[in-house]
Structures are given as structure tokens and as C-alpha cells.
2 protein chains.
Amino acid sequence: MLLTLTEPADVQMRLDYFETRCKELGLRVTRQRQEIFRAVAQSDKHPSAESVFMQVRENMPNLSLDTVYRTLASLEDMGLLMRVGLSSKARFDGDLRPHCHFVCTQCGEVYDIFPQENEQIACPLPVRNIGEIKQVNIQFKGICKNCMPH
Amino acid sequence: MLLTLTEPADVQMRLDYFETRCKELGLRVTRQRQEIFRAVAQSDKHPSAESVFMQVRENMPNLSLDTVYRTLASLEDMGLLMRVGLSSKARFDGDLRPHCHFVCTQCGEVYDIFPQENEQIACPLPVRNIGEIKQVNIQFKGICKNCMPH
DNA sequence: TCTTTATTAGGAAAGATTACGAATATGCTT
DNA sequence: AAGCATATTCGTAATCTTTCCTAATAAAGA
């Protein structure tokens, strides 16, 4: 299968936006942040922290793994990249009726969301070209009412 | 908020189905498996491995954590429960256009799925009652074509 | 250039999950 | 009911992923 690589121009635009965003938020534009963001922005491979670390390290041998984790988390907070999946701790659900989950990023609580009668969850997308689906997982992330500053 | 607890009768039905399923697959119905499955089946709290461990341990002080992890994984394979979220390793995506992911449970590869022009991803569900949504995550799990026994 | 202070490197610690060998108990057979 | 074969479990150690801590570093404004 052919994967379309992100255009360099596009990456440059994103890097520019990254700098803008940093300045907006009063965050320093360090070389580490730039390179780490670039590594994710120009990849189609959904890299792990470890693989970002390996790649950026080629040009920055002193980069620490902690910095990668810290930076990826802050880039996520800044809305510059998204984390695929959830937190590092597995949670289980014995209820197999089709439903979604709302995960509170503050307290970690997981809420069930059952679709209304007339609502369809299933998204009939061109997934079948990729493989055989065994399971669908729809998650919302946000702040739950308990954690909201009333 | 009031959470409806799963009916006991329902749990008993699930336990029966659990036994049937074990026998179908030639797996032994051990007390550990029963109790671990029961703990998840009768909970609305999306428990973690650790909390299942703690709970079942009250009546089985010798239960080992390894057994909990092993059993939860096999129950997932058997289709008796689902794992909320993904694997233990975080993956990141710099592409913020709305799209879904297909995760191959065999090789771990993550594929992007972009919706067609006329397709809507967003599911307008009663999520707003729970909190403020920051992000939506739609994942498909299955076996990708590369890993399928052609 | 100088100063302030956010950020990083490096290693150690914590947290979550898995691996391993000896002991146990299930399901089958008699 | 007893015995057997072997899948499963226990207990602990090891691994893997992520986070914490402190001195050193470097970005941004004066």
C-alpha cells in the first residue's frame, strides 16, 4: 500500500504555527521542541515516544527520553498533535452492548455513553480495505462535570 | 449521578455463557477465571487489572497478579469483555484532520482512515451531559491485510 | 551582553505488564 | 472414586514504559 507522505511545505507551515503557538502561550521555542514536533509532524507512522527519541537523537545525541515524553505531552496540550489511544493504564468493560466512552483527563473516570434509539454509532468507512474489523472503539476525551470549575 | 448496576440475573447469564465459551474453546473453567470474569461483568466502573486483582483477592488471597493479566487478556480474546483504549504503549499523530485509526492487533501497525466527503464521523450523542469534549477518538481493532493468512 | 528563569540531561524511581519454573488442580479416563 | 496428563496457577523476578529529581543549560527580554 502506498502511503502519502506529508508535504514538506505543509510541515514548514506546521512548524511556523508551532512557533506562533509557543509564543502565544509564553513557551520557549527550544531546538528540542522543534525537532520533536518536526519528527511527529513529518511522519505517517504514528510513532511512539521511543521511536521519536531514536530519530531525533541522530542529530541530537544528548537528547533525553524524559524531554521527549514531556514535550509530547505539552504538544498534545497545545493541540499540535494527538495521542492515539488512551492512558498507560488498561481499563476493562464487561458490557458488550455497543456504546462509547467518555474519559475525563482530569480524574481518569470512564463514563459509558449509550446511543439513542435512532442514532447510529457505526461509521461505514473504507476500513475494509485495510483489514478485518474485530472491534470498534469510540472515545471522547475531556473534562467531566465533576471536575469542571462549577 | 446514578449508575444502573448490571442485573444479577444478567451476570449469571454471562457466567453461563462464559462456561459455554470455555468449553467450546477447550479452556478449563477454573475458579480464578470465573471470579475474574465475574468481577468485570458485574462492575460498571471499567476496572483496571489492579482493581480486579484487589477485589478478587478478598475471597482468594493467593490469587496472583499475573493470573489477572493473563486471564483478562484471554477473556478479551474470547470476546467476553473489551479493553477500553489501546495497548500500553502510547502512539502519536501529528495529522489533526479528523480521521480514524485502524490498529492491527497482530503487528501493532496503526493505519489512518479518512472519511469520505459525504461521511460524518462525529456522533452527536448525549455526551454533553457528562462533560466538555476536547477530543474524539475512533479506533478500529482487527487484523490488517498484511497479517491475514491470505 | 547580562539576567532571569523556563527547560533540559542524566540517572534513578515508579508504575504497569510480562516471563519463568515449580507446584497445583481441572477434566478426562478407567 | 481414583489416577493421569497437562493446562493453569503462584510467586517472584525481570522487562518495558513513563515519570520524578536536581544541577546544569540556554532562550528571551532588558
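The buried residues of α3(B) pack against α2 (31-41) and α4 (65-77) of chain B. This is a predicted model, in which local features need pLDDT of at least 70, side-chain atom pairs count only at pLDDT 80 or more, and totals for chains, interfaces and linings use all residues. Residues are numbered from 1 along each chain as its sequence is written, and chains are lettered from A in the order in which they are written.

Helix α3 of chain B spans residues 49-57, and its buried members are B:V52, B:F53 and B:V56; a residue is buried if 20 or more other C-beta atoms lie within 10 Å of its own. Seen down the axis of α3(B), these residues fall within an arc of 105°, so they line one face of the helix. Beyond its neighbours within four places in sequence, B:V52 is in contact (C-beta atoms, placed from the backbone, within 7 Å) with B:I36, B:A39, B:V40, B:P47, B:V68 and B:L72.

An open sheet of six strands, with mixed pairing, has the order β4(A)-β3(A)-β5(A)-β5(B)-β3(B)-β4(B); two strands pair if DSSP finds at least two bridges between them. The strands β4 of chain A and β4 of chain B stand at the edges, each with a single partner strand, so one side of each is left without a neighbour in the sheet. The β5 strands of chains A and B run antiparallel and are joined by 13 bridges. Within this pairing, A:V136 stands opposite B:F140.

| Strand | Residues |
|---|---|
| β4 of chain A | residues 110-113 |
| β4 of chain B | residues 110-113 |
| β5 of chain A | residues 131-144 |
| β5 of chain B | residues 131-144 |

How values were computed. A residue is buried if 20 or more other C-beta atoms lie within 10 Å of its own, exposed if 12 or fewer, and partly exposed in between; C-beta atoms are placed from the backbone. Helices (H or I, at least four residues) and strands (E, at least two) are DSSP runs, numbered from the N terminus. The arc is that of the directions from the helix axis to the C-beta atoms. Two residues are in contact if their C-beta atoms, placed from the backbone, lie within 7 Å.
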